[in-house]
Amino acid sequence: MELLIVIAAGLALGSFATAIIYRVPRNIPWAFGASKKGEPTADRSVCPSCKSILSPLDLFPVFSWLFLRGKCRQCEVPIPARYPLTELGVVLACLGAYAVFGFNIQLVFIMAAVPFLAALLVIDLDHMILPNQLVFITGAIGLARLLFVFFQDHFTSASVEFVAMHIAAAFFYAALSWFLGWFLTKMLKKDSLGFGDVKFFAVAGLWLGFSNIASFLILSGLLGIVFSVIWQKVKKEAVFPFGPALITSLYVVLLLQGSLLL
Ligand SMILES: [Zn+2]
């Protein structure tokens, strides 16, 4: 039963992630109905090609895509496979968190963050940006998780210290990444770390705290190398987005420390 709830919620969150991925880089509202005249509103999804409004049948995560054989029902324009792949990725990320944390409040916070992490990952691959609003929301969920620890432990000095150290870690991660970016830019004589990456480091610090900084840096460095090699093979571009390595590392390290926390 728990497993079914996690899978169902994961599919819904995956569908939400694909909506953010499409809308945020195009400045289409995704959270609230308000929008300028002539622009799609946040509450209905339309086919990017023929603009026909999609019915719930078209929007069922993964299965709709398989059922429609990857084409729009109206205009038959192909729907990129990365939409169902993103949805599947979100479900797997939720299941991974469930396997480590079990069915509890920790899982709720992590699953709340997963669609935003997935959206940041795909948007960075597509556009080489980590949109501020998504980085900010991921940070806000991390902060909410810290505040929950605070309340749960009835404001003991240990919980005060726990929260304060994670907030300090956010600043430390950001400062460290800014310095690394500056250093690498000097060394390699090219822009190495965007400011979006620096902000994401702060979010990672908020989630992971000081104790995980070494594993986070090592893993994101290794993944960064692997991803950049793949990127150069596939895209043949020298500049590659560092966000996906950071996002994957945040998720993996969070799960590794898993049961140690709380
Ligand atoms: Zn269409």
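**Exercise 1.** In this predicted model, find which residues of the largest nonpolar core touch the most other members, and where the core comes from.

*Solution.* Start with the members themselves: the core holds 51 residues, and Leu134, Tyr173, Phe200, Trp207, Leu208, Phe216 and Leu250 touch the most other members. Next, look at the helices. At least two core residues come from each of H1 (2–23), H4 (82–101), H5 (105–127), H6 (132–152), H7 (157–188), H8 (195–208), H9 (213–235) and H10 (243–257). Among these, H5 gives the largest share, 13 residues. Finally, check the domains: domain 1 (1–103) and domain 2 (110–262) each supply at least three residues of this core.

**Exercise 2.** Now pick Phe200 and work out which residues it touches, leaving out those up to four places away in sequence.

*Solution.* Going along the chain, Phe200 touches Leu117, Leu120, Leu130 and Val135, and then Leu246, Ile247 and Leu250.

**Exercise 3.** Describe the site of the zinc ion: its protein donors, its geometry and the spacing of the donor residues.

*Solution.* First, the donors: the SG atoms of Cys47, Cys50, Cys72 and Cys75 lie 2.3 Å from the zinc ion. Second, the geometry: angles among the 4 donor atoms run from 104 to 118 degrees, and the site is tetrahedral. Third, the spacing, which reads C-x2-C-x21-C-x2-C. Within it, Cys50 and Cys72 are 22 residues apart and link distant parts of the chain. Cys50 sits in the loop between H1 and H2 (56–59), while Cys72 sits in the loop between H3 (63–67) and H4.

**Exercise 4.** Decide whether Cys50 and Cys72 are buried or partly exposed.

*Solution.* Buried means under 20% relative accessible area. Cys72 has 6%, so Cys72 is buried. Cys50 has 30% relative accessibility, so Cys50 counts as partly exposed.

Note on methods:
Residues numbered from 1 in each chain as written. Predicted model: local features only at pLDDT ≥ 70, side-chain atom pairs only at ≥ 80, totals over all residues. Heavy atoms only, no water. Core = buried A, V, L, I, M, F, W, Y, C linked by side-chain atoms within 4.5 Å. Buried < 20%, exposed > 50% of the residue type's maximum accessible area, 1.4 Å probe, protein only. Helix = DSSP H or I, 4+ residues; strand = E, 2+ residues; numbered from the N terminus. Domains from an automatic or database assignment. Contact = heavy atoms within 4.5 Å. Donors = N, O, S within 2.8 Å, 3.2 Å for Na, K, Ca; no water. Tetrahedral: all angles 85-135°; square planar, octahedral: opposite > 155°, others 65-115°.
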